[in-house]
Amino acid sequence: MDERIFEKVKKIVSTQLSVAEDEVKKDSSFVDDLGADSLDLVELIMALEEEFAIQISDEEAQGIRTVGEAVDFIEQKMV
Amino acid sequence: MDLKGKSAIVTGGSRGIGRAICLKLAKLGADVAINYYPGLKEEAEELKKEIEKIGSRGYPIEADISKMDEAKKLIEQAVATMGKVDILVNNAGITRDSLILRMSEDDWESVLAVNLKGVFNCSQAVAKYMVKERKGVIINISSVVGLRGNIGQANYAASKAGVIGFTKSLAKELGSRGIRVNAVAPGFIETGMTQGFPQEYREKILKQIPLGRFGLPKDVASLVAFLASDEASYITGEVISVNGGIIL
């Protein structure tokens, strides 16, 4: 896992979901651990799209449930 | 009630009800982005001057809000110019009246494109911004015709009823982000849209209005200003009529 991507994702997640950065772990679930609601998830996906200049479809977004999954997905997209 | 320090966008703001809304919001202290349809620049510039006389600021912005890219640019430009947007009034609307048996596909599509898709276009663009700000007010202009239907206006009625469903859905989706979304349903108001009515038809409508007159644009503007203000901070997902008590 690319640590630089993880660090960036951590910052975005922390800002979007108003949680402390050290609460954001690779296996943190956005909904179960970080308290995101459906609108938070959409905002988060949009923020990631903007930060990494990628497109994330709704189907792809549904497969991203944890911080680690987001990092892995972004890594693949950026190759 | 005041709107000092607030910034508003009014679509279709250069004429009719939209113009009255711009003036009312400005009178209460808001900066106003006056969206106008291509070709109505003169009216919009004149309104800007009038708003400046009141002591507020007006910013004419041209855009055909039925087109997504133009709607997006309108919102972006308004945010860039005013520094923020607190209030969006989706007012732009057109009619293409015809009995259903004679209604062309174009009559249908053009009315839906402006009156309903235009509301979607502008609301989506502004919602992306307001969600981040965790506050905002969206006011959609529906119509009594959207509530009760009207002969010769199946397209207009459908678009205005659509606006009501859209309003309620957005109120539910965005409420948790401090964004209020309401609709206003005017009755028959004295504007360019209704001035073309044949005298006979006007009289027929007048008989159905307990208050005995057509509404004025400012009657609608007062309600919009109230909904836009913090006085209405617990009102969302509502459709409020301003129609002189009309019974269709």
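**Figure 1. The second largest pocket of the predicted model has a volume of about 620 Å³.** A pocket is an open set of points on a 1 Å grid over the protein atoms alone, with protein on both sides within 12 Å along at least five of seven lines, and lining residues have an atom within 4 Å of a point. Volume is the space filled by probe spheres set on the points, which are joined across faces, edges and corners. Of the 21 lining residues, A:V42, A:M46, B:Q124, B:A127 and B:K128 lie nearest the centre. At least two lining residues each come from α2 (38-52) of chain A and from α4 (105-133) and α6 of chain B; helices are DSSP runs of H or I with at least four residues, strands runs of E with at least two, numbered from the N terminus. The lining has 11 nonpolar, four polar and six charged residues (nonpolar: Ala, Val, Leu, Ile, Met, Phe, Trp, Tyr, Cys and Pro; charged: Asp, Glu, Lys and Arg; polar: the others, Gly among them).

The model is predicted: local features need pLDDT of at least 70 and side-chain atom pairs pLDDT 80 or more, whereas totals for chains, interfaces and linings use all residues. Residues are numbered from 1 along each chain as its sequence is written, chains are lettered from A in the order in which they are written, and side-chain values use heavy atoms, without hydrogens and water.

**Figure 2. The largest pocket has a volume of about 830 Å³.** Among its 40 lining residues, B:N91, B:A92, B:G93, B:I94 and B:M193 are the closest to the centre. Two or more lining residues come from each of α1 (16-27), β2 (31-36), α5 (144-148), α6 and α7 (192-195) of chain B. The lining divides into 19 nonpolar, 17 polar and four charged residues.

**Figure 3. B:N115 sits in helix α4 of chain B.** B:N115 is buried, with a relative accessible area of 1% (buried: under 20%; exposed: over 50%; partly exposed: in between; 1.4 Å probe, protein chains only). Its side chain makes a polar contact of 3.2 Å with that of B:S159 (N or O atoms within 3.5 Å; within protein, one able to donate a hydrogen and the other to accept it, and residues adjacent in sequence count only if both atoms are side-chain atoms). B:S159 is itself buried in α6(B).

**Figure 4. B:R96 lies in the loop between β4 (87-90) and α4 of chain B.** B:R96 is partly exposed, at 34% relative accessible area. A polar contact of 3.3 Å links the side chains of B:R96 and B:D106.

Note on methods:
1 Å grid on protein atoms, 1.4 Å probe; cavity = no way out; pocket = protein on both sides within 12 Å on 5 of 7 lines; lining within 4 Å.
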